[in-house]
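Please look over the chain shown here before reading on. The report after it is meant to be read with the sequence and the model side by side.

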Amino acid sequence: MRKLAPVWAAMLLMLPAIVKYPAAAYAEEPQRSFVIIAETDLYAREGGGGRPLGSISPFQNVLLAPGAPFSYYDERKPEEWLKVRTWLGDRWIRDDERVLYGTYEERKKTLTLIGTARLFDWPDVETDTGQSLAPQEIMTTAELRYGPKYVINAISASGKSGTWYQVETIWMGPKWIHKPALMENVHAETVDYDLKLSGTETAYEVPYEEGKGEAVEPGIVHTIAKWQYSPQAFFVFTWYKVRLPQGERWIKPEHEVLEDYKALNETVKLTTKTRYFEERMPSYDRNVWLEPGAYKAVQSVGEWTQLETPAGLKWVNLERALLERPEGMVPIEKTVKLTAETQTYRFPATGEMAHLKGFFSPQEVQAFEKWTSPEGAVWYHIKTFSGTEWVKQ
C-alpha cells in the first residue's frame, strides 16, 4: 500500500480523542490519536530489533505515549517511529503506511451521495477497485477521519485531510469510499430574492459538478437557498438553489452575480446629504456627497441603490445615509474642548471610531454642526488636523 500523504495541522479539529495526560509534567500536552489500518508489530525500543512483542490488528485507535517526542512541524520520514500506549505498556511502532493520524469509529449511518464515489478495497487510494457508487442513499458501517502527519502549508495540507467511509455493497461486500460529496454536508441557508446572472451558467440537480448539467442564460433567476463552503484553505465557493422552468436547480456561478437584485424605475427622495460610491463598496471617503432631493433609481442590489445623478450613475446606501448624516442637524459656531479622554467618530450614529482616548492633547477646536440624538445625546461636528470628525459631549 502506498503511504497516504501528510496533512496540515490546521485540520486537527478533525481529530477527536484530545485529552490531557494524567501526569502533571504533561498536563498541557494533548495526546495524539492514530489509527492502525493494517497489522503492525510492537517493539520494546525505537528502531525495533529482535522479535516483536506483539502486534496491533486493524482497525484500532492508539494514543501517543506521554512524553514521547513528537511534532507536527517536523517532517515525518519513512523510517520514523512512534511510541504509543498499548495493553503491553508503552511500545514502539513504525510510522509507515499502516498508520494514519486520526480516529476510527464503527457506526452505522445513512448518508446521501450527491456525486459518484469510487470504491476502494482499503482506506488507501492505491486500492481502487475500478467500481463506483452512483448518487444514492447509502449505509455506512464505519468512518475513519485522518489528519496531518506534518505541517507543510495551509493550502496543500487542507486538501489532503478527510474521511474514509466503509460501505456494504451487495456485489462486492465491504468497501471504502474517500471524501464523498454528501448532501448531509450541504448546510444551505434559506433565502428569498432574485439573482442576476451576468454570464451563462451551468445548473445541476444537486450542489455538485458532475455531468454536463443544464445551461442557464444570463438574466434574473429566483433564489431560495445559498450554500457557501471551503474545500481548501483560503478558497470559498458559493452554490445557489434557484427556481427554473424545469424545476429547482443548483448553480455555482463562474461569472459575477448580483444578489438580492431589483430592477427599478422610480424616484427616491434623499432627505439628508448622502455619500455616493462608484462601486458597491463602503469607504471612509467623506468628500463625495449628494445634496438632498429627488433622484431616479435604476436598480438595487441588497442594501445598495443605484441613482442617476448629475455626475452619472452612482451607488448609495440609503439606510446608512441616515446614520452618517441623521436628519435634524443644524449649523453652529461653537468652541469645543478636547481632552485626553476624548473619543471621536467618523459619523455620529454608526459607531465607527476615528480616534480613541489618549490621542488628543487638551485643546479647543471649532464645531460647525450639531446633532441631538433621539436619546438626547449632543454631537458636534468638528474640524481637526486629520479632517472632520464627530464628538459626543
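## Model and confidence

This is a predicted model, in which local features need a pLDDT of at least 70 and side-chain atom pairs count only at pLDDT 80 or more, whereas totals for chains, interfaces and linings use all residues. Residues are numbered from 1 along each chain as its sequence is written, and side-chain values use heavy atoms, with hydrogens and water left out.

The pLDDT, which is the predictor's confidence in each residue on a scale from 0 to 100, averages 88 over the chain, and 89% of the residues score at least 70. Over residues 1-29 the pLDDT is below 50, although this stretch has 84 contacts in the model beyond near neighbours in sequence; a contact here means heavy atoms within 4.5 Å.

Strands, labelled E, are DSSP runs of at least two residues, numbered from the N terminus, and two of them are said to pair if DSSP finds at least two bridges between them. Strand E10 covers residues 137-146 and is mostly covered, with 7 of its 10 residues buried; buried means under 20% relative accessible area, exposed means over 50%, and partly exposed lies in between, for a 1.4 Å probe and protein chains only.

Strand E7 (residues 99-112) runs antiparallel to E10 and is joined to it by 9 bridges, with threonine 112 having glutamate 137 of E10 as its bridge partner. E10 also pairs with strand E11 (residues 162-169), again in the antiparallel sense, over 6 bridges, and leucine 144 stands opposite tryptophan 164 in E11.

## Salt bridges

Across the whole structure, a search finds 21 salt bridges, each being a side-chain nitrogen of Lys or Arg within 4 Å of a carboxyl oxygen of Asp or Glu. In one of them, glutamate 143 is bonded to lysine 109, with the closest N and O atoms 2.8 Å apart. This pair links distant parts of the chain, since glutamate 143 is in strand E10 and lysine 109 is in strand E7, 34 residues apart. Glutamate 143 counts as buried because its relative accessibility is 3%, whereas lysine 109, at 22%, counts as partly exposed.

Another salt bridge brings together the side chains of glutamate 291 and lysine 273, at 3.6 Å from N to O. Here glutamate 291 is in the loop between strand E22 (289-290) and strand E23 (293-301), while lysine 273 is in the loop between strand E20 (261-270) and strand E21 (274-275), 18 residues apart. Both count as partly exposed, glutamate 291 at 46% relative accessibility and lysine 273 at 31%. Lysine 357 and glutamate 341 also meet through their side chains in a salt bridge, at 3.7 Å from N to O, and salt bridges that share partners join Glu105, Arg107, Lys109, Glu143 and Arg145 into one network.

## The open sheet and its residues

An open sheet is formed by 7 strands in the order E15-E14-E18-E17-E16-E13-E19, with antiparallel pairing. Its edge strands are E15 (214-216) and E19 (257-258), each of which pairs on one side only. Within the sheet, strand E16 (residues 219-232) and strand E17 (residues 235-244) run antiparallel and are joined by 8 bridges, and alanine 225 has lysine 241 in E17 as its bridge partner.

Isoleucine 220 lies in strand E16 and counts as partly exposed because its relative accessibility is 48%. Leaving out residues up to four places away in sequence, isoleucine 220 touches Asp194, Leu195, Lys196 and Tyr261. Isoleucine 220 and valine 257 are 37 residues apart in sequence, yet 9.6 Å apart in space from C-alpha to C-alpha.

Glutamate 205 sits in the loop between strand E14 (201-204) and E15, and it is exposed, because its relative accessible area is 59%. Apart from neighbours within four places in sequence, glutamate 205 is in contact with Arg249 and Trp250. Glutamate 205 and glycine 247 are 42 residues apart in sequence and 8.9 Å apart in space, C-alpha to C-alpha.

Terms used. Helix = DSSP H or I, 4+ residues; strand = E, 2+ residues; numbered from the N terminus.
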